[in-house]
Amino acid sequence: MDKVVIITGPTAVGKTKCSLLIAERLNTQIINGDAYQIYKGMDIGTAKPSKEELAKIKHHLMDYLDPLDNFSVADYQKLVRNKIDEFKSKNLIPLIVGGSGLYLESVICNYTFDGKTRDHSFEEKYRDLSNEELHLLLKDLDIISYNEIHPNNRKRVLRALELALSNEQKGTKKKEMLYDALVIVLNDDREALYNRINNRVDQMLEEGLLEEVKSFYPDKLGLTAKAAIGYKELFDYFDGNCSKEESIDKIKQYSRNYAKRQLTWFRNKEYVTEVLIDVNNFNNTVDEVYNLIIEFLKSNNYKR
């Protein structure tokens, strides 16, 4: 099987910083593994690498789609598998970086999608439920999708619920590995991570998050893109449904909740290798990740 390296973990843990240094050492490029960084212009709110960082290391499938375009896991799977073949043809190590666990797993495992047409009468049946109530219905039926999908992404929650109730979910996702994948999950102390998330939201606001989101208001984001944390909450503020302070508090809260869901997703995955970051000397973390990758590439007589 072809070898693939993935660097993932919760939001704000340091994936970008680590991956840029790793890509430089490996003389390779990066494939985006974030569901929202694929959209053009959604830079600050999705914590994309800076222009300087992007100039240093080429990133694939970043700034790839118009924010009005909808995008599915099946779309991502196809694009990334093609990119892996492209990397192989160029003698590059496929390095995928991002925190969207379902998207990443759909690439390395033999997920199949039947393309069943959405039942709009099904959506009508649940129209009186709030996003949170609808999301809770999914918990007992499909814990994987529950942990991965944000409650605000009503379209995806409904789709997952529909598939689960029709007993098609089990048939669409099988966990046989299609690649020899090293999946490194960066992690940190929960309290420290949450503090860093809060601080990063403040930094995003200083960098112009409010102005960025306002440039998409009111109708320049599609349903998929609008589900990104930071955008819907500020749309609510612009709509007059809450104060600016309330929307910022929600962004921080939902970001912390998302980090928790990300960690839950990767917990007990048999293919995961966890690395606790060294906050005091991040270079130690980079060295540990790099050494793991080198040992992985050496195994089974892998040759570049």
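## Ground rules

Residues are numbered from 1 along each chain as its sequence is written, and side-chain values rest on heavy atoms, with hydrogens and water left out. Because the model is predicted, local features need pLDDT of at least 70 and side-chain atom pairs count only at pLDDT 80 or more, while totals for chains, interfaces and linings use all residues.

Helices (H or I, at least four residues) and strands (E, at least two) are DSSP runs, numbered from the N terminus.

## The sheet

Let us start with the strands. Six of them form an open sheet: 6 strands in the order β3-β2-β4-β1-β5-β6, with parallel pairing; two strands are taken to pair if DSSP finds at least two bridges between them. The edges are β3 (59-60) and β6 (272-276), each of which pairs on one side only. Strands of a sheet pair through backbone hydrogen bonds, either parallel or antiparallel.

Axes are lines fitted to C-alpha atoms, for helices over the stretch in contact, and angles run from 0 to 180 degrees between N-to-C directions.

Strand β1 (residues 3-8) holds I6. In this strand, 6 of the 6 residues are buried, where buried means under 20% relative accessible area, exposed over 50% and partly exposed in between (1.4 Å probe, protein chains only). K3, V5 and I7 point one way from β1, and V4, I6 and T8 point the other way. On one side, β1 is joined to β5 (residues 180-187) by 6 parallel bridges; K3 has D180 as its bridge partner there, and V4 stands opposite A181. Toward β4 (residues 95-97) there are 3 bridges, again parallel, with I7 partnered by V97.

Leaving out residues up to four places away in sequence, I6 touches I96, L104, I108, L182, V183 and I184. The C-alpha atoms of I6 and V185 are separated by 8.3 Å, although these residues lie 179 apart along the chain.

## Strand β5 and N187

Because 7 of its 8 residues are buried, β5 is largely enclosed by the rest of the structure. A set of 5 bridges joins β5 to β6 in parallel, and V185 stands opposite E274 of β6.

N187 is also part of β5. It counts as buried at 11% relative accessibility. Not counting residues up to four places away in sequence, N187 touches P10, V13, L263, E274, V275, L276 and I277.

## Nonpolar cores

A nonpolar core is a set of buried Ala, Val, Leu, Ile, Met, Phe, Trp, Tyr and Cys residues joined through side-chain atoms within 4.5 Å. The largest one has 52 residues, and Y39, M42, Y76, V80, I84, I96 and I108 touch the most other members. At least two residues come from each of β1, α3 (73-89), α4 (101-108), β5, α10 (190-207), α11, α13 and α14, and α14 gives the most, with 6 residues. A second, separate core has 29 residues, including I7, I93, L95 and F296.

Among the contacts of Y39, setting aside neighbours within four places in sequence, are K48, D63, L65, F71, T224 and A225.

## Helix α13

Which residues of α13 are buried? They are Y231, E233, L234, F235, D236 and F238. With 6 of the 8 residues of α13 (residues 231-238) buried, the helix is largely enclosed by the rest of the structure. Its buried residues pack against α11 (209-214), α12 (223-226) and α14 (244-266). Just after the helix, G240 takes a positive phi of about 85 degrees.

The axes of α13 and α14 come within 9 Å and cross at roughly 165 degrees. That makes α13 roughly antiparallel to α14 (angles under 35 degrees count as roughly parallel, over 145 as roughly antiparallel, 65 to 115 as roughly perpendicular and the rest as oblique). In this pair, E233, L234 and Y237 of α13 meet K244, S247, K250, I251 and Y254 of α14.

Key:
Contact = heavy atoms within 4.5 Å.
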